[in-house]
Amino acid sequence: MSLNTQGRPTAIENVDTSGQVGGAALLPDEPLLFEIGGPDHSGVDLDDIEIDDAFLGGQKRETPLDLPGLTEPEAMRHYVRLSRLNYSIDAGLYPLGSCTMKHNPRLNEKAARLPGFADIHPLQPVSTVQGALELMGELAHWLMVLTNTNAVALSPKAGAHGELCGMMAIHAAHRANGQDHRDVVLVPESAHGTNPATAAFLGYKVKPIPAAGDGTVRAADVEAALGPDVAAIMLTNPNTVGLFEPEIRKIADAVHAAGAYFYCDGANFNAIMGVVRPGDLGIDAMHINLHKTFSTPHGGGGPGAGPVVLSEALAPFAPVPFVRKTDEGFELVEHGEGSESFGRMTAFHGQMGMYVRALTYMLSHGGDGLRQAAKDAVLNANYIKARIKDRFSMPFGSQHCMHEVLCDDSFLNGTGVTTLDFAKAMIDEGYHPMTMYFPLVVHGAMLIEPTESESLPSLDAFADALIRLADAAKEGDAERFTNAPQTAPRARLDETAAARKPVLKWTRSSDA
Amino acid sequence: MRYLPHSEADRQHMRAVIGISRTDELFGAVPDTLRLGDAVDLPGHKSEIEVDRYMRALAAKNRTAGEGPFFVGAGAYRHHVPATVDHLIQRSEFLTAYTPYQPEISQGTLQTLFEFQTQVAHLTGMEVANASMYDGSTALAEAALMAQRLTRRDKLVVSGGVHPHYRDVLATYVEPDDGLSLMPTDVAAGEDLIAGVDDQTAAIIVQTPDFFGHLRDVKSLADAAHAQGALLIVCVTEVISLGLLEAPGALGADIVVAEGQSLGNPLTFGGPYVGLLATRNAFVRQMPGRVCGETLDARGRRGFVLTLSTREQHIRREKATSNICTNSGLCALAFTIHLSLLGEQGLFRLAKLNHKLARNLSGRLAAIPGVELLNKTFFNEFTLRLSRPAAAIVDALAEHGVLAGVPASRLLPNESSVENLLTVAVTETSVEADFDAYVSALTEVLK
């Protein structure tokens with residue numbers, strides 16, 4: 001039996017379907033919470049009790065809260081509808097270079113939600129959280145073995161916080177050694193923006209190091225920049241153009257010989273875990289983005305975690321708190337008095353939720369699986385590179401890359417299509433764009449990181465889409481790019497207007 | 001390995017296309033001496049069932065808050081989070097999206113951030129809020145630096161009632177040479193903060209309710225700060241209190257920071273949490289962190305984008321207002337969903353319930369011989385002065401199955417004046433039977 005026996009017309013008439021995939025029923029416009037909620041709507045059942053004000057010191061609230069509520073069905077619908085406007089790694093390949101958007105196993109989520117981890121307080125008696133401390137100890141062990149280092153500070157809350165931690169340890173070490181006068185940090189031009197921002201945050205002057213013609217840093221250039229005023233170098237390895245720094249050991253030796261320390265940005269650790277140990281490269285400090293390499297979901301911009309592994313020279317300066325194993329069990333060292341610890345970076349012990357997910361991921365892979373994941377990540381990037389190399393321009397030639405492929409925009413010369421246009425056109429092909437305009441050392445950069453999570457058919461479909469677009473650009477179909485995206489919930493947004501006259505919260509139109 | 005899709009045949013095909021015979025050739029830039037052999041000194045891969053068993057066993061070694069009477073607070077609070085919240089934040093589209101740098105396909109994340117910023121602004125009584133910080137303590141440190149930039153002055157007068165760990169984080173971010181002036185620990189809210197304010201002062205930093213639970217007089221501090229051209233930074237570690245207490249913005253605060261964990265986020269041993277940072281419109285260009293703004297798309301439809309990025313590290317590099325990049329996006333989403341489920345009515349009622357229960361327990365505990373209530377004011381957390389050192393009492397009460405609170409000495413180990421002090425937090429998750437258990441156990445232990 002057909003449902004449409006009455007001959008109701010099914011053709012779409014007078015409906016503007018441009019910009020809709022699957023139609024309005026699947027990609028709805030959704031008003032703001034403040035436009036649909038009400039002051040007496042609530043998704044919780046609480047009685048309106050009477051209280052006396054004796055202990056409120058005359059500070060009872062008089063300003064209206066002005067926070068509309070939603071009943072549970074309203075909230076469910078509102079946020080589910082909003083969620084449908086997002087791209088996600090669960091739904092498609094997410095080739096953001098430098099971001100390591102790999103699969104997020106759901107076992108990790110399940111483990112993090114065990115009440116034994118989720119429902120414990122950071123200031124409970126230590127005797128009641130021995131399992132949590134054991135987990136932190138175990139995670140630290142895996143990180144130290146993978147990096148061949150002696151110590152790890154777990155508490156930093158994200159990569160940039162980890163950078164701050166590592167550089168603070170370096171700062172403290174120089175101070176302890178009477179080397180306070182060192183006020184320069186060397187940062188290659190290809191570095192993540194967080195590196196110079198971190199160095200400047202601590203009052204260091206940033207001295208840029210140029211990249212050689214092949215995209216890597218020369219030991220000779222570092223040596224030339226070193227001097228008695230240099231406190232440290234901040235170097236990413238593999239670097240942000242997707243290459244392993246071949247002279248890294250020489251650089252480390254030169255840095256140490258000059259009395260400086262070597263901070264390594266570990267954002268790209270996914271390419272080398274289980275294959276190369278950063279400790280063997282001579283690093284003194286390196287943060288590890290658990291939310292990149294060890295699969296904590298990105299959650300639309302965090303939370304992450306940025307533990308920092310430290311060399312023997314820097315270990316004494318690590319921040320509190322840290323876990324120590326004793327004969328009676330695990331203890332938590334929460335105060336640095338009497339030690340050389342540079343202090344505390346956050347109120348509690350760091351990102352336990354991320355520790356659980358990362359350790360679950362590590363145990364699932366094992367040492368062998370992590371090594372295979374790194375190799376597959378590198379294999380996948382090189383496969384994409386091989387598939388597209390005839391159509392795209394690769395600034396550093398045909399050498400093998402690590403886990404990400406860097407292109408510049410010279411293949412678009414004369415087409416009227418920019419890197420931005422190209423990226424937006426990828427949305428119409430069904431993909432999240434790659435990282436664009438980073439690293440800054442390459443004109444119109446496009447940085448592609450497929451990760452180890454993609455299957456061969458997925459990689460082929462992605463490469464086919466890239467080739468299709470490159471051909472379309474060269475064939476003069478510029479409008480396909482400059483008007484893109486056509487199929488997304490929104491066309492291009494006016495970011496200039498947003499910045500010029502910022503509207504950062506909702507206001508009633510009658511208030512405006 | 002269940003997470004790696006390639007078969008050996010796939011890999012072989014890919015190597016052929018690349019033109020290599022072994023994957024190791026791709027690591028040719030790595031000097032041989034630096035390459036590990038085949039062995040990594042770690043256990044091999046494990047099945048889901050094995051890992052699940054291991055993690056459960058570890059989790060079982062911890063005593064959960066939900067197992068029995070629980071009164072631990074001091075900056076992290078156990079509240080009931082509606083089941084809807086965790087379901088929604090686990091939607092693939094929220095959970096596994098990256099930072100919304102491509103707004104056309106990230107409107108879900110962006111619109112919820114805009115809702116978050118609006119909620120935070122209303123809750124704190126401020127004009128504008130950012131899209132979250134790591135947690136309350138780092139938000140406070142960033143606010144202190146922001147005040148120094150705004151006033152071009154260094155001195156920060158920090159109340160002795162600010163959470164000791166927050167003070168420690170401040171001391172990590174701002175050195176004493178750079179103007180940090182920490183007032184002595186102030187257990188009774190008796191300090192004179194205003195006396196320390198001069199024409200070199202960038203800001204007064206005060207927490208309310210403070211670490212010991214006292215409500216602070218924000219208005220007079222704001223007036224005193226402003227009279228010297230300084231700013232007032234107000235820090236809130238229990239955000240539910242704002243449902244019942246006056247908004248700091250309405251009392252003259254210039255920057256309000258808060259720990260938002262109480263809304264939507266479980267205790268999780270201290271993180272991940274979500275820092276709130278709100279301020280005046282005039283200060284927005286010195287505000288750290290990501291901000292979401294409203295705009296129009298090419299077809300004139302409303303949409304949202306990350307904006308004012310010229311303050312941020314990926315554009316400004318060494319001239320950025322902060323090095324922060326990844327923040328607490330998903331925790332902010334949980335906060336926003338929980339707060340929209342509460343609404344103003346629910347939040348007000350929840351705050352009243354917390355206060356009433358805390359009043360009830362404080363009265364019963366203070367009636368026990370050897371126990372004195374320190375507070376004349378509090379919201380849902382108060383401080384008891386016991387007749388003996390609190391740390392040992394807390395351990396003894398844990399033996400009785402009661403997690404009684406936080407001994408102040410755990411955070412302030414070198415201050416003998418706090419040795420007998422115990423902070424006790426009460427939320428809607430406690431029931432009368434928990435109070436009965438606490439009262440009888442404490443009576444017993446203090447005998």
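Two residues are in contact if their C-beta atoms, placed from the backbone, lie within 7 Å. This is a predicted model, in which local features need pLDDT of at least 70 and side-chain atom pairs count only at pLDDT 80 or more, while totals for chains, interfaces and linings use all residues. Residues are numbered from 1 along each chain as its sequence is written, and chains are lettered from A and ligands numbered from 1 in the order in which they are written.

**Contact between the chains**
- In chain B, 166 residues are in contact with 170 residues of chain A.
- Helix H10 (residues 329–366) of chain B gives the most to the side that touches chain A, namely 22 residues; helices are DSSP runs (H or I, at least four residues), numbered from the N terminus.
- That side of chain B has 79 nonpolar, 55 polar and 32 charged residues (Ala, Val, Leu, Ile, Met, Phe, Trp, Tyr, Cys and Pro count as nonpolar, Asp, Glu, Lys and Arg as charged, and the others, Gly among them, as polar).

**Two helices of chain A**
- Helix H5 (residues 130–147) and helix H11 (residues 352–388) of chain A pack at about 55 degrees, with axes 10 Å apart; axes are lines fitted to C-alpha atoms over the stretch in contact, and angles run from 0 to 180 degrees between N-to-C directions.
- H5(A) and H11(A) are therefore oblique to each other (under 35 degrees is roughly parallel, over 145 roughly antiparallel, 65 to 115 roughly perpendicular, and the rest oblique).
- Residues making this contact include A:Leu135 and A:Trp142 of H5(A) and A:Tyr355 and A:Met362 of H11(A).
- By class, the contact has 11 nonpolar, no polar and one charged residues.

**Domains of chain A**
- An automatic or database assignment gives domain 1 (27–34 + 70–91), domain 2 (108–362) and domain 3 (372–490).
- The C-alpha centres of domain 1 and domain 3 of chain A lie 30 Å apart.
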